[in-house]
Amino acid sequence: MDFPFNVSLYFISLFFFIITGGLGQLGVGLTKLLREQFGKNNVILSDIRKPPNHVYHNGPFIFSDILDFKNLEEIVVNNNISWLVHYSAVLSAVGESNVTLAKEVNITGLHNILDIATKHALRVFVPSTIGAFGPSSPRDPAPELCVQRPRTIYGVAKVHAELMGEYYHHRYGLDFRCLRYPGIISADSQPGGGTTDYAVQIFHAAVKSGCFECYLRRDTRLPMMYIDDCLRATLEILEAPAETLPSRTYNISAMSFTPHDLTQEIQKVLPDFQVTYNVDPVRQAIADSWPMALEDSAARRDWGWKHEYDLSELVQAMLTHVTTGNQLVQAN
Ligand SMILES: NC(=O)c1ccc[n+]([C@@H]2O[C@H](COP(=O)([O-])OP(=O)(O)OC[C@H]3O[C@@H](n4cnc5c(N)ncnc54)[C@H](O)[C@@H]3O)[C@@H](O)[C@H]2O)c1
Ligand SMILES: C[C@@H](O)[C@H](N)C(=O)O
């Protein structure tokens with residue numbers, strides 16, 4: 001039978017997305033990717049902050065505080081939302097300096113998201129993190145299933161999110177999907193107060209001043225990923241047919257490195273670049289409790305996950321973006 005239009009596109013366009021906490025390091029990039037795939041007006045970016053002009057003019061933006069249940073529910077209903085990507089969070093370092101806020105946003109906020117998603121039959125994506133592991137988890141690598149006793153409020157809330165999402169999936173049939181992201185490295189968006197932020201800041205310092213003071217010890221090895229890989233993985237798990245997902249929470253991995261490894265790789269391009277170390281005991285203790293690598297064979301097997309950026313490609317991409325971005329700023 002012939003159809004007068006492309007049936008797969010027709011079905012795809014039935015998805016309407018909202019991204020919570022979308023003005024952070026990851027949300028604007030994911031919004032761009034989703035809009036390319038599902039249409040500009042079918043993806044609403046939301047946050048509690050005012051967006052910069054280029055974001056405001058690029059597609060639908062709305063104020064949404066995840067702690068305001070009624071307001072969020074109204075947005076979901078009025079916009080016929082079918083997919084909720086939950087990016088709002090208080091990250092690891094900021095969480096330790098404001099535990100009350102982290103509990104509210106990362107635990108109470110998550111409850112609101114899961115209840116609204118269940119009530120209105122939404123699909124929901126909630127990212128987890130390497131921070132969901134703790135000092136008693138296997139560290140090199142951390143498998144999908146193992147002891148998870150994190151020592152940060154951020155990590156405790158993420159384990160709670162994984163378990164609650166999976167519980168709602170089994171109990172109420174909620175289509176819950178979750179990836180444990182490594183530390184994410186991006187050029188044109190700034191990190192929001194985590195332990196892995198140094199791996200973004202170092203590139204800006206290398207290009208701007210040629211020197212950087214690192215708050216982690218030179219031998220602190222952590223799993224990391226370039227933002228393009230992270231966002232593509234996210235799109236891939238959103239698009240994966242439900243029957244291909246025997247798990248609802250997957251590790252994804254790309255590379256692991258120390259500040260010293262990263263410095264040496266940057267020095268291949270900028271030989272005069274210098275790094276000094278001034279260890280912050282809070283962030284060092286967090287990093288020491290996290291895995292050095294993630295084991296991600298289930299994602300590779302179940303939905304074909306494959307990273308594209310290793311350390312050398314990451315450094316080339318970041319230096320190119322940061323340098324070009326700086327030149328654009330100077331030219332304007
Ligand atoms: N960036 C990483 O390296 C990384 C790694 C692992 C997991 N993750 C997870 O990915 C998600 C996105 O991370 P990110 O780096 O973009 O975070 P971010 O800290 O940069 O941004 C979080 C956003 O949440 C918003 N927010 C805070 N309170 C809110 C509230 N009450 N209502 C609505 N929005 C609120 C903030 O305004 C901010 O824009 C988070 O869940 C984070 O835990 C990030
Ligand atoms: C790793 C991740 O969850 C975040 N970048 C943090 O350091 O808190």
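I began with helix H6 (residues 99–119) and helix H7 (residues 153–172), which pack at an angle of about 15° with their axes 10 Å apart. H6 is therefore roughly parallel to H7, a label for angles under 35 degrees, with over 145 called roughly antiparallel, 65 to 115 roughly perpendicular and the rest oblique. Axes here are lines fitted to C-alpha atoms, for helices over the stretch in contact, and angles run from 0 to 180 degrees between N-to-C directions. Helices (H or I, at least four residues) and strands (E, at least two) are DSSP runs, numbered from the N terminus.

I noted that this is a predicted model, in which local features need pLDDT of at least 70 and side-chain atom pairs count only at pLDDT 80 or more, while totals for chains, interfaces and linings use all residues. Residues are numbered from 1 along each chain as its sequence is written, and chains are lettered from A and ligands numbered from 1 in the order in which they are written.

I then looked up the handedness: H6 passes H7 in a right-handed crossing. A crossing is right-handed if the near helix is turned clockwise from the far one by less than a right angle, and left-handed if anticlockwise. On the H6 side the contact includes Val99, Ala102, Ile107 and Leu110, and on the H7 side it includes Ile153, Tyr154, Ala157 and Met164. Two residues are in contact if their C-beta atoms, placed from the backbone, lie within 7 Å. By class, I found twelve nonpolar, four polar and one charged residues in the contact of H6 with H7. Ala, Val, Leu, Ile, Met, Phe, Trp, Tyr, Cys and Pro count as nonpolar, Asp, Glu, Lys and Arg as charged, and the others, Gly among them, as polar.

I turned to helix H2 (residues 27–38) and helix H9 (residues 227–239), whose axes come within 10 Å and cross at roughly 50°. H2 and H9 are therefore oblique to each other. H2 also passes H9 in a right-handed crossing. Gly29, Leu30, Leu33 and Gln37 of H2 meet Ile227, Leu231, Thr234 and Leu235 of H9.

**Ligands**

I found 28 residues around ligand 1, the closest being Gly21, Gly24, Ala89, Tyr181 and Gly192. A residue is near a molecule if its C-beta atom, placed from the backbone, lies within 6 Å of it. H6 and strand S8 (183–185) are the elements that give two or more residues to the shell around ligand 1. That shell divides into 13 nonpolar, twelve polar and three charged residues.

Among the residues that surround ligand 2 I noted Leu91, Ser92, Thr129 and Tyr154. Its shell has three nonpolar, seven polar and no charged residues.

**Loops**

I checked Asp140 and Pro141, which are joined by a cis peptide bond with omega about 5°. Pro141 sits in the loop between strand S6 (128–129) and H7. I also looked at Asn80, whose phi is near 50°, a positive value in a residue other than glycine. Asn80 lies in the loop between helix H4 (69–78) and strand S4 (83–86).
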